[in-house]
Amino acid sequence: MEIVLVSLLNGLVYGMLLFMLASGLTLIFSMMGVLNFAHASIYMIGAYLAFEVSRWIGFIPALIIAPILCGAIGAAIEIWGLRRVHHNGHVAELLFTFGLVFIIQRGVQMIWGMLPMPYRVPEWLDFPLFSIYGANFPAYRGFMLLISAGMLVAIWLLLKKTRVGLIIQAALTHPHMVSALGHNVPMVFTGVFAGGCALAGLAGVIGGNYLTTESSMADAMGPIVFVVVVFGGLGSLGGCFIASIIMGMIQTFAVVFDYTIADIFKPIFTIPRMDNLLGEILTVPMSRIGPLLPYALMILILLVRPRGLMGTRDT
Amino acid sequence: MSQTTMASASSAPAAARRTAWAWPVLLAVAIALPWCFYDFTAGRHSGFMVSMLSQTGMMIIFALSYNMLMGQSGLLSFCHAVFFGMGGYVTIHTLEAVGKGMPIPMELIPLCGGAAGLATAIVYGYMATKQRATAFAMITLGIGELMATAALMFHHFFGGEGGVTSNRMIERSLFGLEYGQGIEVYYLIVGWTFLAVLLMYFLTQTPLGRMANATRDNYERAQFVGYDPRVIRFLQFSLAGLFAGIGGSLYAVTYEIVTFDALSGALSANALLMAYIGGITAFGGPILGAVLITVLQSGVSLLSNSWLVYVGVLFITMVTFAPEGIAGIITAHGPVKRAGMLGRLAVPYVRVIVPGLLLVLGFVGLVELLSFLTIGAAQGKKLVLFGSVLNINSAMPWTVAIGMLVIGGGWLRFESVSFGRVWDDITSEIKAREKRS
């Protein structure tokens with residue numbers, strides 16, 4: 001029982017972090033049709049910038065400055081990069097961001113070196129918030145939950161309750177009409193791209209010291225975020241939220257369970273020991289195949305529901 | 001788009017006849033190349049060159065098979081290395097089995113790798129080809145990650161992090177060869193590469209290849225004609241897997257070890273880079289790209305830490321300014337050459353290339369200085385230029401590099417405008433001439 005409760009909380013923390021990344025990706029995708037491959041790279045930049053800022057000024061300023069800088073980088077990418085290749089179609093835009101991944105990855109290594117950064121949780125947040133069944137729950141995780149829940153509410157309010165949100169929603173489906181009504185659609189696009197990148201940067205700030213700030217963190221996070229977006233359904237924020245939480249839960253729960261596929265069949269019949277690939281698949285413990293599960297789940301849902309959980313369109 | 005495709009379709013046999021000379025010439029070059037680097041004093045081949053040429057051969061197959069998806073069917077795949085890697089793994093296991101007595105000659109072992117690639121592509125193709133465009137790209141990304149993760153997890157088949165190894169001297173050959181030396185393997189690779197390239201070329205001429213182009217350009221119209229785009233995507237995907245598997249098999253035979261690197265996302269990305277930089281609209285484009293990237297990779301990565309930055313910048317430049325790749329740039333000069341006006345471009349070209357070189361040198365200098373400041377320092381390396389050690393902490397090299405970058409950039413911008421004017425003049429003149437005749 002205690003394991004379930006602790007894992008539930010940890011899964012929620014990780015899932016919300018995933019959502020912070022995936023929501024920006026989904027917003028950018030559903031508005032501009034651009035799959036931003038460099039999204040996880042921006043997240044990495046966010047973490048490195050937060051490390052620098054918190055080293056010189058402090059953690060709270062980093063929480064504000066780093067996302068703003070990431071947003072500025074995003075705006076620059078949109079204005080000087082994506083707009084130029086826009087007339088070559090969405091694939092060209094996707095490839096542009098794909099090229100950026102290499103440059104950012106190596107650029108970060110060139111500036112900060114190959115070793116992980118000593119980016120740590122600030123001291124005033126480094127205490128156990130409460131303990132359940134003897135297991136401490138760090139205050140920083142509570143802080144992460146607070147930040148990500150705040151962001152969730154802010155996004156929802158922005159999109160549903162403000163004029164800007166109305167324009168963004170309209171530009172999603174009818175960009176030409178919105179432009180005909182006198183709104184500057186390219187600027188809305190830039191704004192959304194910058195906003196998505198700022199969200200990724202924020203995820204970097206709070207995720208960089210929760211996980212590790214190193215030059216491989218983009219590679220580690222990128223594919224999972226894409227899985228979340230596909231799983232939830234392309235272009236659906238709600239689906240994206242559910243998928244993030246599910247993925248977060250799966251990843252944390254898989255670690256604590258030691259069952260194997262053979263164990264499931266145990267009550268019915270005992271599977272003989274086999275020394276081959278099939279035997280290995282049947283007897284590998286759940287905790288080891290944890291990293292595999294999100295991808296397997298994605299393929300599974302695509303077989304049943306090609307559009308993902310709550311997707312509204314095919315491409 | 002549709003007009004140009006139709007035009008190229010009607011003139012395809014003529015174009016095929018025009019370029020038919022290239023096949024034997026390229027084969028002869030591939031056969032002769034290792035002998036250009038033969039060390040006559042020591043009486044042996046240059047190991048570096050032979051292995052680089054072998055690598056180029058398999059990468060040509062890999063890039064071309066990738067282009068069956070990317071260029072010909074408009075499918076952006078991020079899991080192509082999975083089929084390459086599976087071909088490699090199965091080949092290693094086949095080599096082991098042959099060593100224990102299974103009667104397969106060495107020359108036919110790439111077929112086993114191809115079959116493995118095909119089988120894997122059929123399984124994953126069934127799932128992935130339900131979608132197209134962006135959704136397809138993301139599913140393949142997931143498949144690639146799934147397989148790369150699985151390769152680290154299951155030790156029986158994939159061997160975990162250490163990979164699987166075997167010995168290629170199995171003493172079964174159709175021609176009585178031992179394949180102990182690299183050069184023998186190189187000629188095996190040349191043979192299979194030539195065969196695979198030929199087959200892939202013929203595939204583009206079949207109804208399947210043509211319909212793949214049609215679904216790429218307008219998949220709704222293709223449906224009206226009576227074809228199911230999904231079936232076409234599936235067939236192209238499976239066949240691309242077959243050829244990638246052959247490439248992976250040659251990889252396994254050459255290196256006698258296959259690790260999860262052979263099916264990792266990095267290799268899939270490499271396929272995309274090679275195909276795109278070479279040019280996805282022309283059949284020969286990926287060959288150019290594979291040769292260029294492999295040679296640069298072998299050369300530059302010996303000298304520099306920053307290979308990824310250069311290839312990334314090259315890629316982005318291509319995406320922005322030359323979406324049809326190197327092959328596209330070359331074919332754009334075809335009409336100019338036929339009109340006999342290539343000479344008029346010579347001076348403008350020189351005027352563009354000089355500032356371009358300055359820009360490239362400045363950029364390379366800056367990147368190298370930066371990387372020596374952090375990564376190089378950690379490795380204890382020193383930057384040596386023209387035989388003297390540069391002090392990277394002094395302001396001089398930085399100023400020179402930044403100066404070259406800025407001056408080259410500005411100058412190039414200025415010159416490219418006048419180059420564009422000359423180019424426009426020539427193309428409009430050619431058009432006017434065509435109208436008259």
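1. Helix α3 of chain A (residues 59-85) has 27 residues and should span 39 Å at 1.5 Å a residue, and because its end C-alpha atoms are 37 Å apart, the two values agree. The expected span is 1.5 Å times one less than the number of residues, and helices (H or I, at least four residues) and strands (E, at least two) are DSSP runs numbered from the N terminus. This is a predicted model, in which local features need pLDDT of at least 70, side-chain atom pairs count only at pLDDT 80 or more, and totals for chains, interfaces and linings use all residues. Residues are numbered from 1 along each chain as its sequence is written, while chains are lettered from A and ligands numbered from 1 in the order in which they are written.

2. A kink of about 35 degrees in α3(A) is centred on Glu78(A), the bend being the angle between axes fitted to the seven residues ending at a residue and the seven starting there.

3. The buried residues of α3(A) pack against α2 (39-56), α4 (90-112) and α8 (185-208) of chain A, together with α15 of chain B, where contact requires C-beta atoms, placed from the backbone, to lie within 7 Å.

4. Where chains A and B touch, chain A gives 44 residues and chain B gives 40 residues. On the chain B side, α7 (133-153), α8 (155-158), α15 (307-321) and α18 (346-379) each supply at least two residues, and α7(B) provides the largest share, 14 residues.

Key. Two residues are in contact if their C-beta atoms, placed from the backbone, lie within 7 Å.
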